[in-house]
Amino acid sequence: MSRAKADEDDYWNSSKFTLAFTFDEEDDDYTRLKESKKAVNSISALADEDDDDDDVEKVSWSGEPVGSISWSVKETASKLRPAGDSRELGFPKISASPSLPKNNSVYSLSSLFKGTAQYSTLDTPARHYAPELRKPKCEYKDYISNWSPQETILKMQQGKVVSLERFQSLQDKMLLLDKAVDGHDGNIITAVEVLFRELVGRETALRHYIHYLKESGEQKVLLDLFRSELLQYKHHLTITDENKRRDFLKTCLGLPFSPEDSLHVQDHYTLLERQIIIEENDKQVERTGQSDVFKRFPRKASILNMPLITTLYYSCFYHYSEPEGTYSSPANIRRTFKLAEKQYFLTALAARAKLKAWTDVDSLFTTRNWLGFTKKKSPVAFQRVLDILHKNNAPVQVLEVYVNLLEDLELKINMAHKFKCHDVIINTYRDTKDKKQLLGYQKKFDMSSAEHKKIADVLNNSVRNTHTLHIRYRHTQSLYSKAYTLTIGCSADLSRQFKTV
Amino acid sequence: MSPHATRRVFTSKGQTDGCSPPLSLIPMAQSIRRDSPELPDFSLLKRLARDQLIYLLEQLPGRKDLFIDADLMSPLDRIANVSTLKQHEVDKLYKVEYKPIVSTSDQLCFLIRPRLQSVKWICDVVNADKAAGKFRRYKLIFTPQKFYACENVLEEQGIFGDVTTDEWGFHLLPLDDDIISLELPEFFRDYFLDGNQRWVRTAGCVLHLLHSLYGPFSKVYGIGRCSKMAYESWREQVEEGEQKGRDGEIGSVFLFDRDVDYVTPMCSQVVYEGLVDDIFRIKCGCVEFGPEVTSSDKSLKVMLNSQDKVFNQIRNEHFSNVFGFLSQKAKNLQTAYDKRCGMDIKQIKTFVSEELKGLKQEHRLLSLHIGASESMMKKKTKQEFQELLKTEHSLLEGFDIRECITFIEEHINRQCSMIESLRLLCLLSLTENGLLSKDYKSMKAQYLQSYGVDHLPTFANLKQLGILVEQPTGETLTAMENKVGKLVNDRAAGKLTDAFSSLAKKSHFRALSRRLNLVLERDGWTGLEEVTRLLNGQEFAASGCSEADGKARSDTQRTILVMFLGGCTFSEISALRFLGKEKGYKFIIVTTAITNSARLIEALLDNRA
């Protein structure tokens, strides 16, 4: 008896897995936080005793305190909402305003620069306030008509009224503009440009003019002026009708894009063209209730204008088994847009897992060699595969298959713990002869459970199997020592750091 | 994933922190550690802005409705409240929503940023009133300044004479004791992408304002074209106004263009404040914690600044150090509460009147930050996040690049967060000095396939800024890295790099602050010309106007203003705070806006109409 026991002890290695990292409750910091929280909560009874008239709270917990501006704005908004909603007000169109001849306007910008008395009454004497910081901007005493370009810009920067009338020749205008650019004041640059509305070869000034046009929504002028292909392409975003948008994209194909960008735009056009066809067809199918999958998973949104990968996902979801000839089949999309294996694989995996079509998932990995043996292969790491499957609530039996395919022993144990693949865990501990972990793990289960019994069997059979297992032991030795070096560094302190970095 | 990989913490290229000693063991750069000077009182800026606003409101006597730009609501909340506005006859408050209005007031006041869209909307409102035969008075208040382009719209729409316009010089909002923001997030895109200089003078005004209130500055340093222009704009304004001689409260001024360093803001943040910003988004110094943090059914808006005693102690800490601190705090709190057991009545009375209130406040703060940490922890320990961080670290240290590329590819293929994917691509390009041509083409194609071809202009934007580019063929890629690397190993800087490598563990700490520090040491860019040239910088150093002397001078000299044109991150602020503590400086951060990786990327997206 005692000899058997000694044998057994010899057989078992001491535990090499400090319960390797898990991301759940056992976490050191997490427990500490939890404890702190408990401690804080436990004393809340006292703290809450006379809570109401605590001015400390009102000061520092101004979660939009009554009286704040944001609060008040919300109040007005909520009061007004019903009225605003019921009658959708539109601005009455005023025919007069846009057609108002600019030159006749009494308050035209040029009159402002001329410094008429009228303007000065409009300009409030606000700047007299805090005179140190802000001098009055409108001192029309200052007005002299023949300032140099330099002086003119300076006066404009000070907000004074200036006359730009004398800058009439193109040369003078350019000079003024150059001075404005030298002054690094965008406001002035734009002001000068707006007055002259003449295109110039000065880059900074040009950029301001572009920005001004962009901001004032004059896309057309901009397009005509610069013929920027990206800008024109961007215009499609404003077209809501999908057929018109497609037609517009078609016109973009001829634009002088770089070779790659031109391919992207081509793809965009092709994609939208396909999407329109698929959408029309699927809408019909969904309405008539012909297809089971549409009934079980009604479409949440239309596929129009979705990215390519989303479209592929959609097609893997609703049209998985279709032959390559149809536009909506995954194979067709993959071929048309020359998608990489990884892109296709990840998307198909996500879609089939979402549908819980585990046989489809399985066949994604299965390859057959020329002898007819099957083998599981994946273009991405199995860890990533597990991630995706787990997120889609794959059952343990499915996860187990892929956990077993992990080569790194430590990773395997961690993943098995994470997904509660008991068989994998027990087998791994058995193979590494980790009695301590096995015993510890056994405690997690009910006496009557299958896992408990399995661990008991492993433990009981160990001595009898010493010989056979010995070979196995040597086999796993290399893997095991790798895991050992990894775990030994994980003292409590370090592992904490490592989890939180 | 191996523990080695995740334990590795980012340091500057080529170094690992494996053996960096704890902070207390690092020899200080100076033998006598000076205390950091006191910060100037920036609440003055708030008062100034408030008084100016009140003055402007009084320019339109009588009851009026006020329409506020959505972007201005939070900043306005920081300096005034509803009762202030009501006292000056503001009747109702509305948000500018570009919809027809329902106000019945006969006076309307609009508080807006100088954007053409807002002005056009106001024109529509006025014209609609005209058509309906309604007579009202309108006042447009532009902040921080009005642009000629706005007035041009008024003119074009024929309502120039129907409205009055004004400027509210609300340039600066102090977010905290040492952070002042212009609250102009559009500065970044306007200047760096569109090449629009309209905010340059604003930056100059800001310098002028700070100079007249807290100056004169003794020295001004800067890197970048925009910094230089802002500096020149400021000098012009100084020349315009008179200068009075007095002792300043701020010594040196540093100006940085954001494009000098894109690596730091493209990294995930790991200091507490930065992480809170990355995950919950701090807006105008205020964060909204959802039910998962407050463990109740409501969300809570919380101010995050130095007034929050608990926050103030953890804001600059690496996230992993925060738990220990919080749990210790919780224990202390428990002890403090427990004290009351066994007290007599008199003692209890003193306890209640003197300590209880403080304890209760601390208790609230503590439970809130524990809740926030817990919620962040849940996100951070997700495997995906761990992998993301591991990839970032590899990129920064420049190894396993092929693995990183595979990870990014799969991230894209699986249609994970569109912003994160783009961020990783940018980080790859920035750290590798551009992508290999075939990688660039393939990654771009995969990105467009996953997130839509609409992103073509986005890629053009990123290319234009040099954030995501193809490697120029046939050139060695590490020229710049070699130079920067050499700089760091420079003798003169040697003692400092020690301090920095330990800091690197605490935050992503990049070249920017390192350079700043060197400039402080050397009193100029001397010897760094080559590096600044490689960093496409236009560096300059200029002596200021004052030569005050004596003790006042030394305190002032150690108060340093750092202005970021295009935004800065909380990690960078933490790094400066750390540097200040180590060297006895006090840094004041002025930024056009607080930014982070997501905000930067979002500013460059161009897939919307």
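Which residues have the most contacts inside the largest nonpolar core? I started there, bearing in mind that this is a predicted model.

**Entry 1: the cores**

I found that the largest nonpolar core has 113 residues. The ones with the most contacts inside it are B:Leu45, B:Leu172, B:Leu210, B:Leu422, B:Leu468, B:Met563 and B:Val590. I then looked up which element gives the largest share of this core, and it is helix H8 (residues 200-214) of chain B, with 8 residues. Next I picked B:Met563 and listed its neighbours. Leaving out residues up to four places away in sequence, B:Met563 touches B:Ala203, B:Val206, B:Leu207, B:Phe254, B:Leu255, B:Phe256 and B:Val590. Apart from this core I noted another, of 76 residues, with B:Cys284, B:Val287, B:Leu365 and B:Met377 among them. A reminder to myself: in soluble globular proteins, nonpolar side chains tend to be buried together.

**Entry 2: aromatic rings**

How many aromatic pairs does the structure hold over all chains? I noted 34. I looked at A:Phe297 and A:Phe317, whose ring centres are 5.4 Å apart and whose planes stand at 80 degrees; an angle over 60 counts as edge-to-face, so this pair is edge-to-face. The two residues are 20 apart and link distant parts of the chain: A:Phe297 is in the loop between helix H17 (292-296) and helix H18 (308-318) of chain A, and A:Phe317 is in helix H18 of chain A. Are the two buried or exposed? A:Phe297 has 27% relative accessibility and counts as partly exposed, whereas A:Phe317, at 9%, counts as buried. Both belong to a cluster linked by ring pairs, together with A:Phe294, A:Tyr313, A:Tyr314 and A:Tyr318.

In chain B I checked B:Phe188 and B:Phe192. Their ring centres are 5.6 Å apart with planes at 40 degrees, so I wrote this pair down as tilted. They sit 4 residues apart in helix H7 (residues 186-193) of chain B, which means they are separated by about one helical turn. I found both B:Phe188 and B:Phe192 buried.

I also went looking for charges over rings. A:Arg334 lies over the face of A:Tyr344, at 4.3 Å from the ring centre. B:Arg235 lies over the face of B:Trp234, at 5.1 Å from the ring centre.

**Entry 3: B:Gln449 and chain A**

What does the side chain of B:Gln449 make a polar contact with? I found the side chain of A:Gln343, at 2.7 Å. B:Gln449 lies in helix H19 (residues 437-451) of chain B. Its relative accessible area is 12%, so B:Gln449 is buried. I also listed what B:Gln449 touches, and besides A:Gln343 the neighbours are A:Pro307, A:Leu308, A:Ile309, A:Phe337 and A:Leu339.

**Entry 4: a covered helix**

I counted the buried residues of helix H22 (residues 382-391) of chain A: 8 of its 10 are buried, so the helix is mostly covered. A:Gln383, A:Arg384 and A:Asp387 are among the buried ones. After H22(A) comes A:Asn393, with a positive phi near 55 degrees.

**Entry 5: confidence**

The model has ipTM 0.78 and pTM 0.74. Chain B averages a pLDDT of 78, with 79% of the residues at 70 or above. Where is confidence lowest in chain B? It is lowest in helix H22 (residues 491-506) of chain B, at a mean of 33, and highest in strand S7 (residues 179-181) of chain B, at 94. Residues 1-33 of chain B have pLDDT below 50, and this stretch has 68 contacts in the model beyond near neighbours in sequence. Residues 545-552 of chain B also stay under 50, with 11 contacts beyond four places in sequence.

Note on methods: Residues are numbered from 1 along each chain as its sequence is written. Chains are lettered from A and ligands numbered from 1 in the order in which they are written. Side-chain values use heavy atoms; hydrogens and water are left out. Rings of Phe, Tyr and Trp (its six-membered ring) pair if their centres lie within 6.5 Å; planes under 30 degrees apart count as stacked, over 60 as edge-to-face and the rest as tilted. Buried means under 20% relative accessible area, exposed over 50%, partly exposed in between (1.4 Å probe, protein chains only). A charge sits over a ring if NZ of Lys or CZ of Arg is within 6 Å of the ring centre and within 35 degrees of the ring normal. A nonpolar core is a set of buried Ala, Val, Leu, Ile, Met, Phe, Trp, Tyr and Cys residues joined through side-chain atoms within 4.5 Å. Contact means heavy atoms within 4.5 Å. A polar contact is a pair of N or O atoms within 3.5 Å; within protein, one must be able to donate a hydrogen and the other to accept it, and residues adjacent in sequence count only if both atoms are side-chain atoms. pLDDT is the predictor's confidence in each residue, from 0 to 100.
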